[in-house]
Amino acid sequence: IEYAGALKEHEAVRERVGLFDLTHLGKVEVTGPGALGMLQGVVSNDLRKAAAGEALYNLVLNEGGGVIEDLIVYRLEDDRYFVVPNAANAQRVLRMLEEAPATERVHLHYHQDWCFLAVQGPESVHVTTRLFPEAADLAFMQCVETQYKRRPLILTRSGYTGEVGFELFTYQDV
């Protein structure tokens, strides 16, 4: 879990770049004409504010208004979203999505076979754009679908470190 200690790793991300394996987090794709309406009933922010290629930080609340989960919802297309809950609550959020009412067809796909890497820190732009030139065009909380070695990849300009950063979701090598 640690390579040189928490202080050294913190310093690396604040001053240079750090790489985090976040594959343990949940990765749920929500698609279909009812996706927006269904998600609107589960998360706290108005997802209509996010255009395709944008993301919003959200809370999932219980009936009393208490926080169950904080997560990011990426809007990949008009009727296609990518929801990333924390590992400890991934199954609970997935269950809530499965049980949420939808007025139109919705399809959920839990991507257990996808890996998730975060490249964070001031040098993350240089590191990421060497592999993905389109990263240079992303503003904070934007995303784009691209490929890496002919595999689909979701590239985002997001992260939780407080530094410039990117997150990459793609299939694991089997």
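This is a predicted model: local features need pLDDT of at least 70, side-chain atom pairs count only at pLDDT 80 or more; totals for chains, interfaces and linings use all residues.
Good morning. I shall begin with the sheet. Five strands make up this open sheet, in the order β1-β7-β10-β9-β8, and their pairing is antiparallel. At the edges stand β1, residues 18-21, and β8, residues 143-148, each of which pairs on one side only. On average, neighbouring strands of the sheet are turned by 25° against each other, direction ignored.

Let us now cross the sheet from β1. Four bridges join β1 to strand β7, residues 114-120, in the antiparallel sense. Phe20 has Ala118 in β7 as its bridge partner. Ala118 also stands opposite Glu167 in β10. Between β7 and β10, which run antiparallel, there are seven bridges.

How many residues of strand β10 are buried? Six of its seven residues, within the stretch 165-171, are buried, and the strand is thus mostly covered.

Beyond β10 comes strand β9, residues 151-156, which pairs with β10 in the antiparallel sense over four bridges. Here Leu155 stands opposite Leu168 in β10.

I turn next to the aromatic rings. A pair of aromatic rings is described by the distance of the centres and the angle of the planes. The count here comes to six aromatic pairs. In one of them, the ring centres of Tyr74 and Phe169 are 6.0 Å apart and the planes stand at 65°, so this pair is edge-to-face. Because Tyr74 lies in strand β4, residues 67-77, and Phe169 in strand β10, the pair ties together parts that are 95 residues apart in sequence. Both Tyr74 and Phe169 are buried.

Another pair, Phe132 and Tyr148, is tilted, with 5.9 Å from centre to centre and 55° between the planes. Phe132 lies in the loop between α4 and β8, and Tyr148 in strand β8, so this pair ties together parts 16 residues apart in sequence. Are these two residues buried or partly exposed? Phe132 counts as buried, at 3% relative accessibility, whereas Tyr148, with a relative accessible area of 34%, is partly exposed.

Tyr74 and Phe169 also belong to one aromatic cluster with Phe82, Trp114 and Phe116. Finally, the charged end of Arg157 sits over the ring of Phe166, 5.7 Å from the centre of that ring. Thank you for your attention.

Key:
Residues are numbered from 1 along each chain as its sequence is written. Side-chain values use heavy atoms; hydrogens and water are left out. Two strands pair if DSSP finds at least two bridges between them. Helices (H or I, at least four residues) and strands (E, at least two) are DSSP runs, numbered from the N terminus. Axes are lines fitted to C-alpha atoms, for helices over the stretch in contact, and angles run from 0 to 180 degrees between N-to-C directions. Buried means under 20% relative accessible area, exposed over 50%, partly exposed in between (1.4 Å probe, protein chains only). Rings of Phe, Tyr and Trp (its six-membered ring) pair if their centres lie within 6.5 Å; planes under 30 degrees apart count as stacked, over 60 as edge-to-face and the rest as tilted. A charge sits over a ring if NZ of Lys or CZ of Arg is within 6 Å of the ring centre and within 35 degrees of the ring normal.
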